[in-house]
There are 2 protein chains.
Amino acid sequence: MGTRIDWLNDPEAPPANSIVPSANVIVVNDQGEILMIQRSDNGNWAVPGGGMDLGESMPGCAIRETKEETGYDVEITGLVGIYTDPNHRIEYTSDGEVRQEFSIVFTARPLAGEPTPNPEALNVDWFSPEQLAELKIHDTMRKRIQQYIDGGGQPYLG
Amino acid sequence: MGTRIDWLNDPEAPPANSIVPSANVIVVNDQGEILMIQRSDNGNWAVPGGGMDLGESMPGCAIRETKEETGYDVEITGLVGIYTDPNHRIEYTSDGEVRQEFSIVFTARPLAGEPTPNPEALNVDWFSPEQLAELKIHDTMRKRIQQYIDGGGQPYLG
């Protein structure tokens with residue numbers, strides 16, 4: 001399996017050659033804990049998410065990816081923001097694809113399921129906002145989660 | 001020039017073969033009027049917008065497309081919603097591309113400029129919400145504008 005490399009504001013970053021609209025989902029339970037996965041491609045912790053397929057909507061993508069990567073059925077409850085910084089690029093070493101960041105970050109609540117590791121997630125678990133500080137999380141992912149935690153009412157538009 | 005055909009919930013619609021993230025911009029002036037263009041490809045009236053290029057952000061795309069299609073420099077002020085219904089497809093007869101709907105609809109205010117027709121817009125003008133009823137506007141575009149007019153606080157997520 002290839003590696004995923006996040007490039008952020010780095011003049012050495014390879015130029016982007018693709019845009020793939022993706023969803024990320026901040027699933028929050030009744031205790032205020034957030035559902036996290038440990039990515040199998042780089043070992044970082046992240047919220048579930050992935051690229052949109054032909055034939056589905058963006059909320060549909062968010063629900064499908066969450067199910068695949070965590071084992072949970074969820075209901076979308078809101079929007080944290082839109083993250084499309086061209087100076088954040090994701091390189092996939094397996095095939096040379098360099099995606100420019102394009103993530104729509106939703107909030108959701110769990111309907112059914114239990115943490116289920118899978119090919120994309122070595123571990124799946126719930127963490128309180130305070131516990132997230134101890135996890136290895138890429139800066140760009142931590143920013144999205146922190147903006148959910150900070151709230152503010154208006155979605156982030158970047 | 002080819003034609004743009006909007007297909008909505010039509011079993012005869014061709015299957016989608018591309019997803020192009022696009023912005024639409026509802027530019028509102030101090031009088032509450034909305035900046036509209038009459039599209040050169042199908043004669044319908046619409047708010048400005050278009051597909052995102054490599055190297056720009058989604059808000060950057062919104063600002064660039066508005067400038068190109070209307071002559072106005074604008075500042076983004078908010079989000080109306082996300083429109084990604086796979087049963088709304090846009091066929092371009094010139095090359096057979098069939099895009100699945102993917103529009104992020106922003107609000108904006110004008111900073112400078114004047115209505116400037118261009119290759120993509122036969123006419124550019126301001127209309128009050130009431131005046132929009134008289135214009136030929138595709139249902140999918142009218143829905144986006146109406147959701148801005150109706151407000152409601154939470155962005156549409158579809």
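Predicted model: local features only at pLDDT ≥ 70, side-chain atom pairs only at ≥ 80, totals over all residues.

**Around the core**

Me: OK, and which residues touch the most other members of the largest nonpolar core?
Reply: A:Ile26 and B:Ile26 do, in a core of 68 residues.

Me: Switching to the two chains. How many residues of each are in contact with the other?
Reply: 24 residues of chain B contact 24 residues of chain A. On the chain B side, the elements that give two or more residues are α1 (58–70) and β7 (73–83).

Me: Which one gives the most?
Reply: β7(B), with four residues.

Me: And what's that side made of, by class?
Reply: The side of chain B that touches chain A has 15 nonpolar residues, seven polar ones and two charged ones.

Me: Now chain A by itself. How many helices and strands?
Reply: Two helices and 12 strands. Reading from the N terminus, the order is β-β-β-β-β-β-α-β-β-β-β-β-α-β.

Me: Why call it as compact as a globular protein of that length?
Reply: Its radius of gyration is 15 Å, close to the 15 Å that the globule rule gives for 158 residues, so chain A is as compact as a globular protein of that length. The C-alpha trace of chain A spans about 45 × 40 × 35 Å along its principal axes.

Me: What share of chain A is buried?
Reply: 35% of its 158 residues count as buried. As for contacts in chain A between residues at least 6 apart in sequence, 76% of them join residues at least 24 apart.

Me: Let's do strands. Which way do β1 and β8 of chain A run?
Reply: Antiparallel: β1 (residues 4–8) and β8 (residues 88–92) of chain A are joined by five bridges. A:Trp7 stands opposite A:Arg89 in β8(A).

Me: What does A:Arg89 stand opposite in β9(A)?
Reply: A:Gln100. β8(A) pairs with β9 (residues 97–100) of chain A over four bridges, in the antiparallel sense.

Me: Which residue takes a positive phi in the hairpin of β8(A) and β9(A)?
Reply: A:Gly96, with a phi near 80 degrees. That hairpin has four residues between the strands.

Conventions
Residues numbered from 1 in each chain as written. Chains lettered and ligands numbered in written order. Contact = placed C-beta atoms within 7 Å. Nonpolar A, V, L, I, M, F, W, Y, C, P; charged D, E, K, R; others polar. Core = buried A, V, L, I, M, F, W, Y, C linked by C-beta atoms within 7 Å. Buried ≥ 20, exposed ≤ 12 C-beta atoms within 10 Å, placed from the backbone. Rg over C-alpha atoms; globule rule 2.2 N^0.38 Å. Pairing = 2+ DSSP bridges.
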